[in-house]
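Student: I'd like to go through this model with you before I use it. Could we take it topic by topic?

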Amino acid sequence: MPDEFENEPMMSRENKAFVAVLGAIVFLLFMLGLSAPNLLVEDGLVEDLSAAGFAVAALLALNTGFLKNVSLTFTDRCLLIGTGVLSLVLFLSEISFGARIFHVQMPKMKGGGEFDGGHDIVILVFRTIRDAGSAGILVAMIGVVLLLAVAVALLLRFRREAEAMVRYILARTFEFRLLLAICMLASAVILDLIPSYKAATLEEILEFSASGVLILAVAGLRWRKGPSLVRRDVRTKNTIRQHWPRQL
């Protein structure tokens, strides 16, 4: 990780402003969703917009990641391609992998419902633990404790590297927005497990907002990397034009 980020502030002003605006938008959309529940029904307007947003993010990320005339580091390209794949999976999950569009019967899940989305994996895990009774809950708790212990041990062992990575992400634009979108999507998965109308409303709003954050993240990176190429091209063309009469 670059050493210059060790003395950087924890979060850039741009990222702070972005979080503030995003928080306000999520709050307003949440209040709107509570007052207009018809917008959040299955295959409703918000879910359709979320699917469209994830599709746009996937196309934009994959297109930018595979472009040869865009100045990107190897890490940038890997993150873009990973973002494109993630967005594509999220798009397919939002449309239930085409089950309702093409009238395809998806696999039935134990306990009810169909396996037609990525969040169903989490639901199946929780149902399996619940059905296993006290023994299953005990095993799950032991597993969680062991994972936390390993995570804490690794964090203490590589504390300087972890701090440098956190500062690096918080100081960058693309990486920070990508992490923010992932956190929003993870929160939406957790909210999906809560049998509450407000939780379901916030889940849809977070998914819709995350699709917009992914688009802004990729578009911002592409815009930042593009101008330098344009300026180099202009200088090259001007140089050629200046020497053209001499070549003749």
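Student: Which elements is the protein built from?
Tutor: Bearing in mind that this is a predicted model, the protein has nine helices and zero strands, and its elements from the N terminus on run α-α-α-α-α-α-α-α-α.

Student: And how much of the protein counts as buried?
Tutor: Of its 248 residues, 31% count as buried. As for contacts between residues at least 6 apart in sequence, 68% of them join residues at least 24 apart.

Student: How do H7 and H8 pack?
Tutor: Helix H7, residues 159-171, packs against helix H8, residues 174-192, at an angle of about 100°, and their axes are 5 Å apart. Because angles of 65 to 115 degrees count as roughly perpendicular, that is how H7 stands to H8.

Student: Which residues meet there?
Tutor: From H7 come Tyr168, Ile169 and Leu170, and these meet Glu175, Phe176 and Leu179 of H8.

Student: Switching topic, how many aromatic pairs are there?
Tutor: Zero, in a search of the whole structure.

Student: What sits over the ring of Phe18, then?
Tutor: The charged end of Arg177 does, at 4.3 Å from the ring centre; there is also Arg157, which lies over the face of Phe158 with a distance of 4.8 Å from the centre of that ring.

Student: What about the cysteines, how many disulfides?
Tutor: The count is zero disulfides, taking sulfur atoms within 2.5 Å as the rule.

Methods: Residues numbered from 1 in each chain as written. Predicted model: local features only at pLDDT ≥ 70, side-chain atom pairs only at ≥ 80, totals over all residues. Heavy atoms only, no water. Phe/Tyr/Trp six-rings, centres within 6.5 Å; stacked < 30°, edge-to-face > 60°. Lys NZ or Arg CZ within 6 Å of the ring centre and 35° of its normal. Axes fitted to C-alpha atoms, helices over the stretch in contact; angles between N-to-C directions. Helix = DSSP H or I, 4+ residues; strand = E, 2+ residues; numbered from the N terminus. Parallel < 35°, antiparallel > 145°, perpendicular 65-115°, else oblique. Contact = heavy atoms within 4.5 Å. Buried < 20%, exposed > 50% of the residue type's maximum accessible area, 1.4 Å probe, protein only.
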